[in-house]
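User: I would like to learn how to read a model of this kind, one feature at a time. Please give the general idea and then the case at hand.

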2 protein chains.
Amino acid sequence: MHEPAPPLATIAAALRRERERAGISLAELARRAGLAKSTLSQLESGTGNPSIETLWSLGVALGVPFSRLVEPPEAQVRVIRAGEGPRLQADEADFVATLLAAGSPHTRRDLYVMELEPGQARDALAHIPGSIEHIVLASGRIKAGPVGEQVELGPGDYVTFPGDVDHHYEALEPSWAVLVMEHR
Amino acid sequence: MHEPAPPLATIAAALRRERERAGISLAELARRAGLAKSTLSQLESGTGNPSIETLWSLGVALGVPFSRLVEPPEAQVRVIRAGEGPRLQADEADFVATLLAAGSPHTRRDLYVMELEPGQARDALAHIPGSIEHIVLASGRIKAGPVGEQVELGPGDYVTFPGDVDHHYEALEPSWAVLVMEHR
DNA sequence: TCGAGTTGTTCGGTTTGACGAACGCACTTC
DNA sequence: GAAGTGCGTTCGTCAAACCGAACAACTCGA
């Protein structure tokens, strides 16, 4: 799995964008961050490869999360009707997931509608480390969660658990749910 | 708004943790990332302040998103039953939202269950820049979206739109929906 | 018109991050 | 035991990030 963008240009653009949004001058930002004007000037011009501490202090001074300085923007307005969208058919389970929104490759925040039919359970292997699953059951009744810690859910119930351990889904009756997958 | 943790120790811990999780040696990781062993050794020991490019190449070699190297972990297993959880009552609308999961303050990924009753529309002001809303309607029928671009949704329908412009919610019948709010 | 205050840029000089070689250590293999 | 591999650490060297000052351009008053 490759990372996409060389971050140097992204950082340069992000710094200028965030600074202008904050409505402060380059010199003022440099002063607040405890850096030399020259350093910041070169960073915004795309020249240079800042250290973590340098970029961090800029994030602090700007009052924005660190990740906002290193990752690009996204998104607009979009509708996916019930039943539409790319459907991911699970091989060995009564289980259909529809991908609604995939986050940028670096801050994955994938959003699915998951339809389950009663039958054999869905054995999901552990995902990449650090992933977290959130499930809100819209209708029906399911059991879901890490192996040995499964919880039975009814409409409106919510459960979250780490996705980087093995876990199950099992529908007790025809159900559908909203699944938010964080890959961080 | 202050940033929380000095990132040097966090990075050191994250590097060692991710490397061990990947099951590779320090020398091997350094080789894959195109770095000197010495550099990586100092980074994992907490000494030194890596440049963005250096840390980036480590993220690539480890196959993990960049932010995972600079921000701490979180989360476990948790259930919120339908009707439970902190409820945010909207002042001037037939509108109840239940907060299910709030992301860490810097990578906000708030997850709500939103209950709407027919009546006057909910006028939502623009949130902070860069925020994005995702809605999956679980049951009922609503109109939602930015002013002038509202879409009518039925059960299972999905819509996403920028949250940093003014927008409306309006229930045509008693409804509830899952709302994912990204603040980035 | 002349300062005194900005703005962001470009210059040497110093600090330091990254490199590569050498080191000590543990474990095989002949 | 000697020679071979791997590991992670510590050293001196060099390039580069960072600094401070000097710089042109531009605004605002007196």
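User: Which residues of helix H4 (residues 52-62) of chain B are buried?

Analyst: Some conventions come before the reply. Residues are numbered from 1 along each chain as its sequence is written, and chains are lettered from A and ligands numbered from 1 in the order in which they are written. This is a predicted model, where local features need pLDDT of at least 70, side-chain atom pairs count only at pLDDT 80 or more, and totals for chains, interfaces and linings use all residues. Helices (H or I, at least four residues) and strands (E, at least two) are DSSP runs, numbered from the N terminus. A residue is buried if 20 or more other C-beta atoms lie within 10 Å of its own, exposed if 12 or fewer, and partly exposed in between, with C-beta atoms placed from the backbone. In H4 of chain B the buried residues are B:Ile52, B:Leu55, B:Trp56, B:Leu58, B:Gly59, B:Ala61 and B:Leu62.

User: What do the buried residues of H4(B) pack against?

Analyst: Contact here means C-beta atoms, placed from the backbone, within 7 Å. The partners come from both chains: helix H1 (7-22) and helix H4 (52-62) of chain A, and helix H1 (7-22), H2 and helix H5 (67-70) of chain B. On the H2 side, B:Ala33 lies in helix H2 of chain B. Leaving aside residues up to four places away in sequence, B:Ala33 touches B:Ser57, B:Leu58 and B:Ala61. B:Ala33 and B:Leu62 are 29 residues apart along the chain, with 8.3 Å between their C-alpha atoms.

User: Why does B:Ala33 count as partly exposed?

Analyst: B:Ala33 is put in that class because it has 19 C-beta neighbours inside 10 Å. A:Tyr158, which lies in strand S8 of chain A, is buried because 26 other C-beta atoms lie within 10 Å. A:Tyr158 is 20 residues from A:Val178 in sequence, and their C-alpha atoms are 9.5 Å apart.

User: Where do the buried nonpolar residues gather?

Analyst: A nonpolar core is a set of buried Ala, Val, Leu, Ile, Met, Phe, Trp, Tyr and Cys residues joined through C-beta atoms within 7 Å. The largest such core has 46 residues, and A:Val136, A:Ala177, A:Val178, B:Val136, B:Ala177 and B:Val178 have the most contacts inside it. Strands S4 (109-116), S6 (132-146), S8 (158-162) and S9 (167-182) of chain A and S4 (109-116), S6, S8 and S9 of chain B each supply at least two residues of this core. A second, separate core has 34 residues, including A:Leu15, A:Leu69, B:Trp56 and B:Val64.

User: Which strands pair with S6 of chain B?

Analyst: Two strands pair if DSSP finds at least two bridges between them. S6(B) (residues 132-146) runs antiparallel to S9(B) (residues 167-182), joined by 13 bridges. B:Gly145 faces B:His168 there, and B:Pro146 stands opposite B:His167. Of the 16 residues of S9(B), 12 are buried. S6(B) is also antiparallel to S8(B) (residues 158-162), with 5 bridges, one partner pair being B:Val136 and B:Tyr158. With S7(B) (residues 151-153) the pairing is antiparallel over 3 bridges, and B:Ile142 has B:Leu153 as its partner. The hairpin of S6(B) and S7(B) has 4 residues between the strands, and B:Gly148 takes a positive phi near 90 degrees in it.

User: Which residues come nearest to DNA strand C?

Analyst: A residue is near a strand if its C-beta atom, placed from the backbone, lies within 6 Å of it. Of the 21 residues around DNA strand C, the nearest are A:Ser25, A:Leu26, A:Ser38, B:Ser38 and B:Thr54. H3(A) gives the most to this surface, with 5 residues. Around DNA strand D there are 21 residues, of which A:Ser38, A:Thr54, B:Ser25, B:Leu26 and B:Ser38 come nearest. There the largest share, 5 residues, is from H3(B).

Note on methods:
Contact = placed C-beta atoms within 7 Å.
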